[in-house]
Amino acid sequence: MLKGLVSIVIPVYNKEEYIEECFEAIAKQTYTNYEAVIIDDGSTDNSPAICDAMTEKYPWARVIHIKNGGVSSARNLGIKESKGEWICFVDVDDYPLPDMLDKMVKEDAALVVCNWSDENKTHCSNKFTTSRKVCTMRNDDTLLLCTPDFFKTIWNKLFRADIIKGNNIWYEEEICHAEDSMFAIDYYSSLDKDATIVLLQEPLYFHRADVKGSLVKDHNAAKWKKSAEYWWKHIENANLSNEVRNDMLVRCVQNEFLVYAMEGDYKGLKRFLKEKKHLITKESVKHWPKKKQMILLSKCAPIIYYANRIWRKFM
């Protein structure tokens, strides 16, 4: 582990149109002690050749070509191959702003979190209005300042490699939904009472919404069921504020909702929602499901229309 070195883990799968822009942004970092660990996850377009070209152009970049195993396995390999004191993750269709690493590394904290922007607005993972806030695990005040979005993203955070590797924190490769949230929660839960967390108000990362994506990336009910089970196990006993825990538990309900819908188990869905009724309020589920999402989901399972009626009834 090299002192001061930041390892930037970049999984790549069929994103040939974005790779050069991402690497040009990394090359503009004002903090220069970094490496880029590129994991080509079995791309079938021209991404492998472009990644190879980037390693020839930039001495701080190296690429590993593997068979397709999914983004979680790619990130796990990137963590294993990293040499830095710090680890951050960048999606190849996004890019960090020039001073992102500089402003985050100088905080020298157990976890540094910044805000981010997309084509439309700036997204906040905190509730304060000052430019910077230092929190401690001892006072347990971090989550009081954070929104539920705090755990939903991975690329706006700087992690300590010794905490990740020393606590055996890895992506769960068997789940297909919200892997980033689980990784972030596991990391947060591993911090000791003297750990410092720094929240930066400034957006230092640009996230490009995937217009080609959809709400349901994998229509395999077994994988969604595995994801739901994994969520329940982690969230119920996690060290979270009531607001964040309740938000996460509602997302667990959403996962199970999809599982029953995919399997066409109308009676099971009704029984499950009745059991979890105490978690479902109009406030907690006002953002889901939206009309557009329901149209997408209806392609996945015809029962979804009837399942949605049950969902609304138990709100």
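This is a predicted model: local features need pLDDT of at least 70, side-chain atom pairs count only at pLDDT 80 or more; totals for chains, interfaces and linings use all residues.
1. Ring pairs join Phe-89, Phe-159, Tyr-171, Phe-183 and Tyr-187 into a cluster. Counted over the structure, there are 13 aromatic pairs.

2. Have a look at Phe-23 and Tyr-58, an aromatic pair that is stacked, with 6.4 Å centre to centre and 15 degrees between the planes. Phe-23 belongs to helix 1, while Tyr-58 sits in the loop between helix 2 and strand 3, so this pair links distant parts of the chain, 35 residues apart. Both Phe-23 and Tyr-58 are buried.

3. Tyr-171 is in the loop between helix 5 and helix 6, and Phe-183 is in helix 6, so the pair ties together parts twelve residues apart in sequence. Tyr-171 and Phe-183 are both buried.

4. Next, find Arg-75 in helix 3 (residues 71-81). Is Arg-75 buried or exposed? Arg-75 is buried, because its relative accessible area is 4% and the cut-off for buried is under 20%. Its contacts include Phe-89, Tyr-171, Asp-91 and Asp-180.

5. Finally, how do helix 1 and helix 2 meet? Their axes come within 10 Å and cross at roughly 25 degrees, so the two helices are roughly parallel to each other. The crossing is right-handed. Helix 1 contributes Ile-19, Glu-20 and Phe-23 to the contact, and helix 2 contributes Ser-47, Ile-50, Cys-51 and Met-54. By type, these residues are five nonpolar, one polar and one charged.

Conventions: Residues are numbered from 1 along each chain as its sequence is written. Side-chain values use heavy atoms; hydrogens and water are left out. Axes are lines fitted to C-alpha atoms, for helices over the stretch in contact, and angles run from 0 to 180 degrees between N-to-C directions. Helices (H or I, at least four residues) and strands (E, at least two) are DSSP runs, numbered from the N terminus. Angles under 35 degrees count as roughly parallel, over 145 as roughly antiparallel, 65 to 115 as roughly perpendicular and the rest as oblique. A crossing is left-handed if the near helix is turned anticlockwise from the far one by less than a right angle, and right-handed if clockwise. Contact means heavy atoms within 4.5 Å. Ala, Val, Leu, Ile, Met, Phe, Trp, Tyr, Cys and Pro count as nonpolar, Asp, Glu, Lys and Arg as charged, and the others, Gly among them, as polar. Buried means under 20% relative accessible area, exposed over 50%, partly exposed in between (1.4 Å probe, protein chains only). Rings of Phe, Tyr and Trp (its six-membered ring) pair if their centres lie within 6.5 Å; planes under 30 degrees apart count as stacked, over 60 as edge-to-face and the rest as tilted. Lists of a residue's contacts leave out its neighbours within four places in sequence.
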